[in-house]
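Please examine the charged side-chain pairs and the nonpolar packing of the structure shown here. The report takes these two topics in turn.

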Amino acid sequence: MEKNLQGIIESILFAAGEAVRTDKIAQIADISVALAKEELEKLSAYYTEQQRGFALIELDDGYQICTRPEYYTYVQAMAGMKRQQGLSNAAFEALSIIAYNQPVTKATIEFIRGVNSDGAVQRLVERGLVEERGRLDSPGKPILYGTTQEFLRTFGLKTLGDLPEVEAPLPMEDENENQLKLDI
C-alpha cells in the first residue's frame, strides 16, 4: 500500500499546532528531507489553488498549518475572541531593536530608545513576540531577549533574514571639523 504523504504531513502539522521542522517531518514520515519539502510545497499549492481556509506557512525551516488571514474575522466570531489591542509605538520601537540586535538586554534597548522600556518589553513577552534567550555574562546577569516564532508568524516572515534592511545612520559630523570651518 502506497503512503499518502500529503495526508501524513498534514496530520503531523495539524496535531502539532505549531511549526514543525522539515527534518522532523521527514523522520516521522520515514522519507527524505527533499521529498518532505517537495510534498510540503505541493500541499501549500493545493491549499492556495483550492482556496482552502488553511495556509501552510514556513517558519525557520519549519512549517505550520494556520487559518488564512482573510478568514480571521470569521474564526474570531466563532470563538468569541476579542481582537488583541495593537502594540504601542514604544512596544514597536522595542520590538524593532530586539529583532535587529538580538540577543539584547533591556539596558541596551533603553539606551537606544533613551527611555525606560520595562512596560514595552513586558508587553512583548506577554504577547509571545519576545522571549528570554539566556543571560549576559556580566555583573547582575541581565536577561537577553530575542524574537519568537510568533514574531515571525505575526509579521509574515519565514526567517529573521526576511526583515527589511535598515538604512545605515548618517555619519555624525565632527563638531571640531565644523568649528574649524567657522573659524576660517
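## Salt bridges and their basis

The structure holds 12 salt bridges, a salt bridge being a side-chain nitrogen of Lys or Arg within 4 Å of a carboxyl oxygen of Asp or Glu. The model is predicted, so that local features need pLDDT of at least 70 and side-chain atom pairs count only at pLDDT 80 or more, whereas totals for chains, interfaces and linings use all residues. Residues are numbered from 1 along each chain as its sequence is written, and side-chain values use heavy atoms, with hydrogens and water left out.

## Pairs within helix 3

Lysine 42 takes part in a salt bridge with glutamate 38, at 3.5 Å from N to O, and in another with glutamate 39, where the closest N and O atoms are 3.4 Å apart. Helix 3 spans residues 33-49 and contains both lysine 42 and glutamate 38, which are 4 residues apart, about one turn of the helix; helices are DSSP runs of H or I with at least four residues, numbered from the N terminus. Glutamate 39 also lies in helix 3, 3 residues from lysine 42, again about one turn of the helix.

The accessibilities are as follows, where buried means under 20% relative accessible area, exposed over 50%, and partly exposed in between, with a 1.4 Å probe and protein chains only. Lysine 42 is partly exposed at 39% and glutamate 38 is partly exposed at 40%, while glutamate 39, at 9%, counts as buried.

## A bridge between helices, and a network

Lysine 106 and aspartate 118 form a salt bridge whose closest N and O atoms are 3.4 Å apart. Because lysine 106 belongs to helix 6 (residues 106-113) and aspartate 118 to helix 7 (residues 118-126), this pair ties together parts that are 12 residues apart in sequence. Both partners are partly exposed, lysine 106 at 26% and aspartate 118 at 37%. Elsewhere, a network of salt bridges links Lys37, Glu58 and Lys158.

## Nonpolar cores

The largest nonpolar core has 21 residues, of which Leu95, Ile98, Ile109, Leu124, Leu129, Val130 and Phe151 touch the most other members; such a core is a set of buried Ala, Val, Leu, Ile, Met, Phe, Trp, Tyr and Cys residues joined through side-chain atoms within 4.5 Å. Helix 5 (89-101), helix 7 and helix 8 (149-154) each supply at least two residues of this core, and helix 5 gives the most, with 6 residues.

Leaving aside neighbours within four places in sequence, leucine 95 is in contact (heavy atoms within 4.5 Å) with Leu87, Leu124, Leu129, Val130, Thr147, Phe151 and Phe155. Apart from this core lies another, of 16 residues, including Leu13, Val20, Ala29 and Leu40.
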